Amino acid sequence: MSFAPRVERVRPSLTLQINAEAAAMERGHENVARLGAGEPDFDTPEHIRQAAHQAIEAGYTRYTAVDGYPDLRAAVREKFARDNDLQFADEEVMVTCGAKQALSDLAQVLLRSGDEAVIPRPYWVSYPAQVTLAEADPVFVDAPMDEDFTIAPERLDAALGERTRLLYLNSPNNPTGRVYRRAELEAIAEVLRRHPRVWVVSDDIYEHIRFDSGPFLNLLSVAPDLADRTLVVNGVSKAYAMTGWRVGFVGGPRQVISEMTKVQGQSTAGTASISQHAAQAALRGDQSVVDHMVAAFRTRHERIVPALDALPGIRCRPSDGTFYAFPDASGLIERLPDVDDDRELAERLLHDAEVAVVPGSGFGMPGHLRVSFAASMDTIDTALERLSEFIERETSDAGTQTR
Ligand SMILES: Cc1ncc(COP(=O)(O)O)c(C=O)c1O
């Protein structure tokens, strides 16, 4: 059977694959310490769940406007003003089925066949896939761990060429946990000013999950002059533990938002009416629910990062935010005689140590592992113990010295 080439070029997600394997092992009654998840392990807060109940009882069960209920769009505009000092008009925002659909809509609208989209690497898996589905070509700019996962301005400048149409920015970053500093954003903005044809998407989905107390900065915080070619994507999934509700949103120039609404109108239409009411409660309600979750992520981060870094053959830098660490495990891979790369390492860890993590090559950076700490402290401790035992056992069998 043959399918559309744009679909055949997209590879299945390694995150989903590892999580499916871990789930299958659990069905077979194995007790996997799962550090593969890309979502908070908390329940959606009570007042948000209540808003959904009320929406059902009040009869909000019909199609909504493609770009979301007016009330929710107003709440989105308030959120952008409150948290980001961005003043969007009503026609400059839209509600989507998760941030993922906002990203997909904009790729469909902005990218033409043969265009290039520049993606810092490591990257969230869906960026290159969405670029490919839009029949454009992903081009990568490396932001390696030895450079503190920073996008070097000269490398970015070199990657932006005649065919470049779009640049992806994601901070706090999945998978590295890195938050771009003011100076880095200013340097990126400076490069972008030399490339006036390039659009930018700022994926701020992890905005609230940060371990410092300073204000959140995105590209527009430091370069408001780029607003006429920047789309700011965000949503409720990560901050409010609402991944399954499927509500995202985007702010940007009205012509683009209007075209994105057209695309969405002919694909999914508006996201679930009940979820939209819940999202409104999340955006307008008590924001301290977010602080409680972030405090837990911070504590877990403090536990897991030094422990990973202390494991032989593993180097792990602290994350600034998100619930991910992205350690370099190449030293360990070298020491394990029958393991050649991060995929094999993740497979061995899953089957022989019962620890689920995602291989870095799924994010474009082989040799690394993405470790999620959106898991209970017990799960984290169990995973760390198992990792330590696995390394001890496997490297002493091989008779090799570690680190
Ligand atoms: C960087 C990044 N952007 C966007 C998304 C999509 O989020 P949503 O659940 O709102 O579609 C994710 C989810 O994992 C993500 O990691």
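Domain bounds, as used in this tour, come from an automatic or database domain assignment. The model under view is predicted.

**The two domains.** Begin by colouring residues 5-43 and 289-394 as domain 1, then residues 48-284 as domain 2. Taken over C-alpha atoms, the centres of domain 1 and domain 2 are 26 Å apart.

**Where the domains meet.** Next, display the contact between them, in which 32 residues of domain 1 meet 29 residues of domain 2. On the domain 1 side, select helix H12 (288-310) and strand S9 (324-325), the elements that each give two or more residues to it. The greatest contribution to this side is that of H12, with 7 residues. By class, the domain 1 side holds 14 nonpolar, 9 polar and 9 charged residues.

**The sheet.** Now select the open sheet of 7 strands, whose order is S2-S8-S7-S6-S5-S3-S4 and whose pairing is mixed. Its edges are strand S2 (93-96) and strand S4 (137-142), each of which pairs on one side only. From one strand to the next, the twist averages 25°.

Within the sheet, focus on strand S7 (residues 230-235) and strand S8 (residues 248-251), which are antiparallel and joined by 4 bridges. Select Val232 to find its bridge partner in S8, Gly251.

**The ligand.** Finally, select the ligand and the 13 residues that surround it, the closest being Gly98, Ala99, Lys100, Gly235 and Ser237. Helix H5 (residues 98-110) gives the most to this shell, with 3 residues. The shell comprises 3 nonpolar, 8 polar and 2 charged residues.

Definitions and conventions:
Residues are numbered from 1 along each chain as its sequence is written. This is a predicted model: local features need pLDDT of at least 70, side-chain atom pairs count only at pLDDT 80 or more; totals for chains, interfaces and linings use all residues. A residue is near a molecule or strand if its C-beta atom, placed from the backbone, lies within 6 Å of it. Ala, Val, Leu, Ile, Met, Phe, Trp, Tyr, Cys and Pro count as nonpolar, Asp, Glu, Lys and Arg as charged, and the others, Gly among them, as polar. Two strands pair if DSSP finds at least two bridges between them. Axes are lines fitted to C-alpha atoms, for helices over the stretch in contact, and angles run from 0 to 180 degrees between N-to-C directions. Two residues are in contact if their C-beta atoms, placed from the backbone, lie within 7 Å.
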